Structure formats: structure tokens, C-alpha cells
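Subject: Structure for your reading

Dear colleague,

Please find below the structure that I am handing over to you.

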Amino acid sequence: MTNFTDLRATVDHRARLATVPKTRRRRYISQNDMVEILDYHNQVRANVFPPASNMEYMVWDESLARSAEAWAASCIWDHGPQHLLRFLGQNLSVRTGRYRSILQLVKPWYDEVRDYAFPYPQDCNPQCPLRCYGPMCTHYTQMVWATSNRVGCAVQTCYNMNVWGAVWRTATYLVCNYSPKGNWIGEAPYRVGIPCSACPPSYGGSCSNNMCFPAVNSNYLYWFK
């Protein structure tokens, strides 16, 4: 079966960039960052505990990446824009200066698992990235929301960015948008059970690494969905 690693060999980054308007190339997320983000999300999704019976394999979505780019360019440390958040999930991360690996901005979302107890703890604060008091875990639950099977992200260097009331002279801002939207109040992020035992019929019984896997001949085609 074709697996995620094969994507590295099938995606031609130069050809991909050729389709991106020059005005967008400065912010366009690199192929390496894109692969690292997807690899990490699917690694986390494949190994949730308790195990998930309906966890769907996550793929990259260019339209979500474009909407993430537009919001990242605003350099506003808050979720938005509001008219899109009715339909999309969103995780934000920021750090001062540059980064060695994009995972330095993504791993803090997973680290919230330490404050999470399935199906949804009452003491997790859902109001971030505003200043938070007490534990939060909604970044983690969006990462492992079973039906959120598409993601698109953007990285932006922001100058004099207001973060929690302080001005950061240089900040690296990561925005990831998810679809379908997760974190619905009162709902668990996934069903507990034998992996792939409750996959949607559209997957045709295809399962890979504990996740419902897209039944397509080429991951290259699905990558650009």
C-alpha cells in the first residue's frame, strides 16, 4: 500500500512553486515544513490513547493553506477571521525569533495531552490564545479530531507583534486551519475502539497505521485536493 513516506518522492516542489503567484511566494510554507507538519499530525493521530476506531488520515489542503496565509499575514495574535471560523478549526503558535524546526511551533499543541482526559475534561480552558489561566487542551483535541481530515498551514515572520500584551520585535507566527471543523462542545474528538473498526464507508475499508486511509491510487492526487 502507498504510504505517507511516498509523498516525498511524488511531490515536485519546484513545479508546485511555479503555480504560486510571486506575491505569495515570500510566505509560502516550504515543502519540508509541510511534510513535517503532516507527518507529526498523523503520528499523533495514529497513537491516541484510548485508541480510536474512526481516526481519519490527514492530508494537506491548498485552500486551507491559502486562508491560513491570509490570516498569518495580519500578524494578529488571535483566532480569525471570524467569518471563516464558523466552518474551520484553527490552531495558532508563536515564538520569538527564528526556528530550527517547524515542530518547535507544533509540539506545544500536542503537549497539552498532559492536561487532557478522554473524552473532554471540564478544566481545560478553550479561550486561548488570549491570556490563559489554568490548563488548556483544545489545540490537542483539534489535532486528533477524527473527522478533521484536512489541514493547511502558513508561517509568517511578524515584526512588532503584540503577543499577550507585550510587543515582540520579531516573531514567527504559525497558523494551521482544519476542515471539517473540530472541537464541538459536548462531543468527544473520536470514538474509542479497535482502530479502523468504525471508518466512514467512503474509505472502502482501507486502513493504514491505525487510521482510515484514503482509497486512492496516488497520494499525489489526494495531496492537492
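Eight of the eleven residues of helix α5 are buried, so this helix is largely enclosed by the rest of the structure. Here, buried means under 20% relative accessible area, exposed means over 50%, and partly exposed lies in between, with a 1.4 Å probe and protein chains only. Helices (H or I, at least four residues) and strands (E, at least two) are DSSP runs, numbered from the N terminus.

Before going further, please note that this is a predicted model, in which local features need pLDDT of at least 70 and side-chain atom pairs count only at pLDDT 80 or more, while totals for chains, interfaces and linings use all residues. Residues are numbered from 1 along each chain as its sequence is written, and side-chain values use heavy atoms, with hydrogens and water left out.

The chain as a whole

The protein chain has nine helices and six strands. Of its 225 residues, 48% count as buried. Among contacts in the chain with a separation of 6 or more, 73% are accounted for by residues 24 or more positions apart; contact means heavy atoms within 4.5 Å.

The buried residues of α5 are Glu62, Leu64, Ala65, Ser67, Ala68, Glu69, Trp71 and Ala72. Alanine 68 belongs to this helix, which spans residues 62–72. What is the relative accessible area of alanine 68? The value is 0%, so alanine 68 is buried. Leaving aside neighbours within four places in sequence, alanine 68 is in contact with Gly152, Cys153, Ala154, Val175 and Asn177. Proline 81 is 13 residues from alanine 68 in sequence, and their C-alpha atoms are 9.7 Å apart in space.

Proline 81 itself is found in the loop between α5 and α6 (82–85). A cis peptide bond, with omega about -5°, joins glycine 80 to proline 81. The loop between α5 and α6 also holds cysteine 75, which has a positive phi of about 55° although it is not a glycine.

The sheet

Four strands form an open sheet in the order β1-β3-β4-β2, with mixed pairing. Two strands pair if DSSP finds at least two bridges between them. The edge strands, each pairing on one side only, are β1 (59–60) and β2 (89–96). In general, strands of a sheet pair through backbone hydrogen bonds, either parallel or antiparallel.

Strand β3 (residues 150–163) pairs with β4 in the antiparallel sense over 13 bridges. Within this pairing, cysteine 158 has alanine 171 in β4 as its bridge partner. The hairpin of β3 and β4 has two residues between the strands, and tryptophan 164 there takes a positive phi near 55°.

How many bridges link β2 with β4? There are eight, and β2 and β4 (residues 166–179) pair in the antiparallel sense. Leucine 92 has valine 175 in β4 as its bridge partner, valine 94 stands opposite tyrosine 173 in β4, and arginine 95 stands opposite threonine 172 in β4. Six of the eight residues of β2 are buried, so β2 is largely enclosed by the rest of the structure. Ten of the 14 residues of β4 are buried, so β4 is likewise largely enclosed.

Helices α4 and α7

Helix α7 lies across β2 and β4, running at about 125° to β2. Helix α4 (residues 31–46) also packs with α7 (residues 103–111), at an angle of about 20° and with their axes 10 Å apart. Because angles under 35 degrees count as roughly parallel, over 145 as roughly antiparallel, 65 to 115 as roughly perpendicular and the rest as oblique, α4 is roughly parallel to α7. Axes are lines fitted to C-alpha atoms, for helices over the stretch in contact, and angles run from 0 to 180 degrees between N-to-C directions. The contact is made by Glu36, Ile37, Tyr40, His41 and Val44 of α4 and by Leu103, Val106, Lys107, Trp109 and Tyr110 of α7.

Two further loops

Proline 50 is placed in the loop between α4 and β1, and the peptide bond from phenylalanine 49 to proline 50 is cis, with omega near 0°. Asparagine 209 lies in the loop between β5 (207–208) and β6 (211–212). At 52% relative accessibility, asparagine 209 counts as exposed, and its phi is near 50°, a positive value in a residue other than glycine.

A colleague
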